[in-house]
Amino acid sequence: MLPYESCNLGSINLGKFITDGAIDWKRLKAVVVNAVHFLDNVIEANNYPLQQIHDMTNANRKIGLGVMGWADMLIMLGIPYSSDEAVRLGKKIMKFINDEGHLAS
């Protein structure tokens, strides 16, 4: 982080996106878009303790969108945690979240 930046982070619970044994990609996309919008709104709504933090945060508008519930998702899909299939799916999901997040931003 640069001097006077703030840390604006959010997480998506991947375990909540399994429907009938499959990933609900459409719903995941909608949540990514909403999460990016929400985190951007946090920048606007925040009360910053220093003017320098306000200025730097509003100038670069950095946000971070992560995940949790990865193991839960794998269990619901019947995929072993340490398998090659899990690694491939992890790459696919994070690419999807990254790409959709950038489009939303």
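Arginine 61 sits in the loop that joins helix H2 (51-60) to E4. The model is predicted. Phi of arginine 61 is near 50°, a positive value in a residue that is not glycine. How accessible is arginine 61? Its relative accessibility is 27%, so arginine 61 counts as partly exposed. Partly exposed covers the range between the buried limit of 20% and the exposed limit of 50%.

## Aspartate 20 between E2 and E3

Aspartate 20 is placed in the loop between E2 and E3. Phi of aspartate 20 is positive, about 55°, although the residue is not a glycine. Is aspartate 20 buried or exposed? Aspartate 20 has a relative accessible area of 80%, so it is exposed.

## Helix H3 and its buried side

Helix H3 spans residues 70-77. Which residues of H3 are buried? They are Trp70, Met73 and Leu74. These residues lie on the same side of H3, because they cover an arc of only 95° around the axis.

The buried residues of H3 have several partners. They pack against three strands, E2 (18-19), E3 (22-23) and E4 (64-68). They also pack against helix H4 (84-104). Just after H3 comes glycine 78, with a positive phi of about 75°.

## H3 against H4

H3 and H4 pack at an angle of about 120°. Their axes are 12 Å apart. H3 passes H4 in a right-handed crossing.

Which residues form this contact? H3 contributes Trp70, Met73, Leu74 and Leu77. H4 contributes Ala86, Leu89, Gly90 and Ile93. By class, the contact has seven nonpolar residues, one polar residue and no charged ones.

## H1 against H4

Helix H1 covers residues 25-45. H1 and H4 pack at an angle of about 45°, and their axes are 9 Å apart. H1 is therefore oblique to H4. The crossing of H1 past H4 is right-handed.

On the H1 side, the contact residues are Trp25, Leu28, Lys29, Val32, Val33 and Val36. On the H4 side, they are Lys92, Ile93, Phe96, Ile97, Glu100, Gly101 and Ala104. How many charged residues does the contact of H1 with H4 have? It has three charged residues, along with nine nonpolar and one polar.

Glutamate 100 lies in helix H4. Its relative accessibility is 13%, so glutamate 100 counts as buried. The cut-off for buried is under 20%. Which residues does glutamate 100 touch, leaving out those up to four places away in sequence? Glutamate 100 touches Lys29 and Val32.

Leucine 103 is exposed, with a relative accessible area of 68%. The C-alpha atoms of leucine 103 and valine 33 are separated by 8.3 Å. Along the chain, these two residues are 70 residues apart.

Note on methods. Residues are numbered from 1 along each chain as its sequence is written. This is a predicted model: local features need pLDDT of at least 70, side-chain atom pairs count only at pLDDT 80 or more; totals for chains, interfaces and linings use all residues. Side-chain values use heavy atoms; hydrogens and water are left out. Buried means under 20% relative accessible area, exposed over 50%, partly exposed in between (1.4 Å probe, protein chains only). Helices (H or I, at least four residues) and strands (E, at least two) are DSSP runs, numbered from the N terminus. The arc is that of the directions from the helix axis to the C-beta atoms. Contact means heavy atoms within 4.5 Å. Axes are lines fitted to C-alpha atoms, for helices over the stretch in contact, and angles run from 0 to 180 degrees between N-to-C directions. A crossing is left-handed if the near helix is turned anticlockwise from the far one by less than a right angle, and right-handed if clockwise. Ala, Val, Leu, Ile, Met, Phe, Trp, Tyr, Cys and Pro count as nonpolar, Asp, Glu, Lys and Arg as charged, and the others, Gly among them, as polar. Angles under 35 degrees count as roughly parallel, over 145 as roughly antiparallel, 65 to 115 as roughly perpendicular and the rest as oblique.
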